[in-house]
Structures are given as C-alpha cells and as structure tokens.
There are 2 protein chains.
Amino acid sequence: MAEKDISQAVIARLPRYFRFLGDLKEEGVERISSQELSKRMRITASQIRQDFNHFGGFGQQGYGYNVDYLYNEIAKILGLDKKHNLIIIGSGNLGQALANYVSFEKRGFLIKGMFDNNPALQGKAVRGMSIRSTNELESFIKENNIDIAVLTVPKNSATEIAKQLVKFGIRGIWNFAHVDLDVPKDVTVENVHLSDSLMKLSYQINCANNK
Amino acid sequence: MAEKDISQAVIARLPRYFRFLGDLKEEGVERISSQELSKRMRITASQIRQDFNHFGGFGQQGYGYNVDYLYNEIAKILGLDKKHNLIIIGSGNLGQALANYVSFEKRGFLIKGMFDNNPALQGKAVRGMSIRSTNELESFIKENNIDIAVLTVPKNSATEIAKQLVKFGIRGIWNFAHVDLDVPKDVTVENVHLSDSLMKLSYQINCANNK
C-alpha cells in the first residue's frame, strides 16, 4: 500500500467512513453501494470510490461493498487491529473525562496510567487508576510499553513534557495543550485545539450575522 | 469583506494566527514581518500574505505588521469582539471539563448554564452553576439570549436534542457527540469528534511502523 502518498484530507475522512460502517453493521446491513453510502454520508459516490481506490478499491462496482469486510479493512488501515497503550498526562477535568471514555477502549486504546505534577491529585483514583507523579513517567513508559501519550496539561508545561516524552520513547502525542509542539519526524502529534475549534464556530456565526 | 468566499482552510488557520499573535503580544513584540511570523509558525511568508489578503492585507510590506492591530483585527473577524452566551448540554465529565475552561471566558464565550437529563446530576453545582433538567432548555435559551450550545451528550440523544435546539433558536452547536448532525443552513455546527482524532493519530503511528 502506498499509504505515505495519501493526502491528509483522505486520511481525515477515514474515521468517518469507519463510523458510518459501524452504524451500518449495527443496523444489520450487509452490503451497500457507493450511491447509498454517498447519500448517507453526504459526499459524492465518486469521492468515495476515489478515496477507496487509494487502498485498492475494496469492492465490486454495481454489486456494492461488503460492509463487514470494508469495516475491517478500514480498521486495519487505521491501525485499530492492534492494541495501543496510552497514558494521560495532566489529570484535571479534561484528563479525567478522557480516562472515562469507554469507547476508546473498545477501539483498542487502553489507558494504562494517569499522571499529574500536582501533589494534591497524586494518589487519587480515576477509573481504578491511581494518579502518579510525572517523575515516574520514564520508568512507567518503558515498563508498560506505552506508545501514545495524551497531553492535557497547561500550555506552559506542554513543550517541556513533550520533549521528555520523545526522549522516553513515546511514538504519538495526542495534544490538547493550546500550543504547537516541536517533535522529531518519527513522532506523530495529533492536535485537539479546543479554543481554535470554538473560534471557528464563532467565525461562522459572525459571518452568518453579517449576511 | 468577501468572507463568504473564503475557504475552510484559510478559516481553520485564523485561530492559529490569533494564538501566535497573542503570544507575541505577551512577549511585548510590537511589530513583526511576514518572514519572522513565517519562521515562528512554520508556514511560508507567501501563505501568510495570501491569507491576510482575503481580509484586506492588514499591513505594510517591508515595514511589517503591527502586532496589536493585527491581533485585534483577527479577533474581530473571528467574532471575538462580541460576547457569546453558551450552554452546555450533557454535564458528565467532558461537559464539566469544558465548563471549567477559564480561557473560553477570556475570549468572550460565557457559559451561562449546564443541563443534563440525568436526575442524579441535576442540582449539582459546577463552577457556581446548578445543573438543570433538559426540560428547561427552551425557557432558559430564550430568557438568557443563548446563541451557542455545547453538545456533550451520548451519540444516541444528540440528534434529537440538536433538533430541539434549532427550534429554540440556537445559532451554533459545538458538537462533541460522535455523530453528524443534520441542521438547517443558518445554524452552524462545529464538530469535535475525539475518536476520529485518536484514529488519525493511530493511522499515522501505524504508517510510521510500516515504513
């Protein structure tokens, strides 16, 4: 597979395909044409076929896609056929909220530990996990084969912690801190900048008001 | 301003410009050239000039941009010069985490009320707000001039609640439910699909492993 050449736009659509296929599976749908999928997802059938062609096509035109097969293939492309071990750094409200997302676990994202540099939080239990000191990060990451770190710390400490995480062997950072992180090329950062998202919403409302 | 014609990609970059300009202001920087801004933000200077030209340009080439002026102008474009009244529907962990984000308030996003259909949560105080029943939504929205609803409810109830919100006059929905909402054109939805984001991260790690 030539996955390296696939555009960010296609990649960004994959989880959405996966979600819709999961819904179809739940509804007991076994086959779906690109036309039907197009109607449901509100993207053109030709866009769907184009997207799927990046990965070999998946289906027979006319006969439609096998929902179960397509679901599993996209899961594999997304790396969901493997387990990932996660830690959460920053155990405030947001960190605790993410720790309690059961749906992550269903997809193979296992939260193994929670950390905070605030002594008042250390020792507190969240979903059966005792919040640890950030001093324990290095040993914990190595002993528990952690590949993903969820960063829910304030902007000011995120840069420094990210540097440490890279040194300790973390492969992916899910970054909720409101700052762009500077990491080596072999480390992946996926940003969730909540303020940016809220500002985009505000922009659209503002434009609608000015029309 | 021809804001209607501006691409999603440009809009998505505006909050990032705003963030970097805020950092520059904090550092006491008064003027910045597009070259310097380019270096900081890791996008080309020509991209920056192109983006800014959508809004009239903002600055004198050679002489650089006035940081304070640019910050305020982008704030206006993003609608941050106006106050927005928000409610949070779904007062579980994530809803409570968002209620506690002080930075939203600094940008003019005022959280006025919290709602949940779970009687066990109703009456509980979060940041001085007592969680209300979703039965009170209509009157609360109208009496408090609410324009944005934050939707942190499970997927299954999101569609129905979104329909009600539209009927009650909500202009924008910040949607954290893992489902695409179907709303009229004059209502804006900004999605934060956390699972999708985590899957994108997993995809990138998976690709890096396969190299």
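**Exercise 1. Classify A:Glu27 and its salt-bridge partner by accessibility.**

Solution. A:Glu27 has 47% relative accessibility, so A:Glu27 counts as partly exposed. This model is predicted. Next, find the partner. A:Glu27 forms a salt bridge with A:Arg40, with the closest N and O atoms 2.5 Å apart. Now place both residues. A:Glu27 sits in the loop between helix H1 (8-26) and strand E1 (31-32) of chain A, and A:Arg40 in helix H2 (residues 34-41) of chain A. The two are 13 residues apart, and the pair links distant parts of the chain. Last, A:Arg40 is at 36% relative accessibility, so A:Arg40 is partly exposed.

**Exercise 2. Locate the salt bridge of A:Arg127 and classify both ends.**

Solution. The partner of A:Arg127 is A:Glu105, and their closest N and O atoms are 3.5 Å apart. The cut-off for a salt bridge is 4 Å, so the pair qualifies. A:Arg127 lies in the loop between strand E5 (125-126) and strand E6 (129-130) of chain A; A:Glu105 belongs to helix H6 (residues 102-106) of chain A. They are 22 residues apart. A:Arg127 counts as partly exposed at 36% relative accessibility. A:Glu105 counts as partly exposed at 37%.

**Exercise 3. Describe the contact between chain B and chain A.**

Solution. Start with size. Chain B gives 66 residues and chain A gives 66 residues. The buried area is about 5900 Å², and carbon and sulfur atoms give 60% of that area. Then count the charged pairs: there are 12 salt bridges between the chains. One of these joins A:Asp180 to B:Arg16, at 2.5 Å between the closest N and O atoms. Another is A:Lys155 with B:Asp23, at 2.7 Å. A:Lys155 lies in helix H8 (residues 155-167) of chain A and B:Asp23 in helix H1 of chain B, so this pair joins two chains. Shared partners also join A:Arg16, A:Arg19, B:Asp180 and B:Asp196 into one salt-bridge network. Several elements of chain B take part, including helix H1 (8-26), helix H4 (67-77) and strand E3 (84-89). H9(B) gives the largest share, 17 residues. By class, the side of chain B that touches chain A has 31 nonpolar, 18 polar and 17 charged residues.

Notes: Residues numbered from 1 in each chain as written. Chains lettered and ligands numbered in written order. Predicted model: local features only at pLDDT ≥ 70, side-chain atom pairs only at ≥ 80, totals over all residues. Heavy atoms only, no water. Contact = heavy atoms within 4.5 Å. Buried area = accessible area lost by both parts, 1.4 Å probe. Salt bridge = Lys/Arg side-chain N within 4 Å of Asp/Glu carboxyl O. Helix = DSSP H or I, 4+ residues; strand = E, 2+ residues; numbered from the N terminus. Nonpolar A, V, L, I, M, F, W, Y, C, P; charged D, E, K, R; others polar. Buried < 20%, exposed > 50% of the residue type's maximum accessible area, 1.4 Å probe, protein only.
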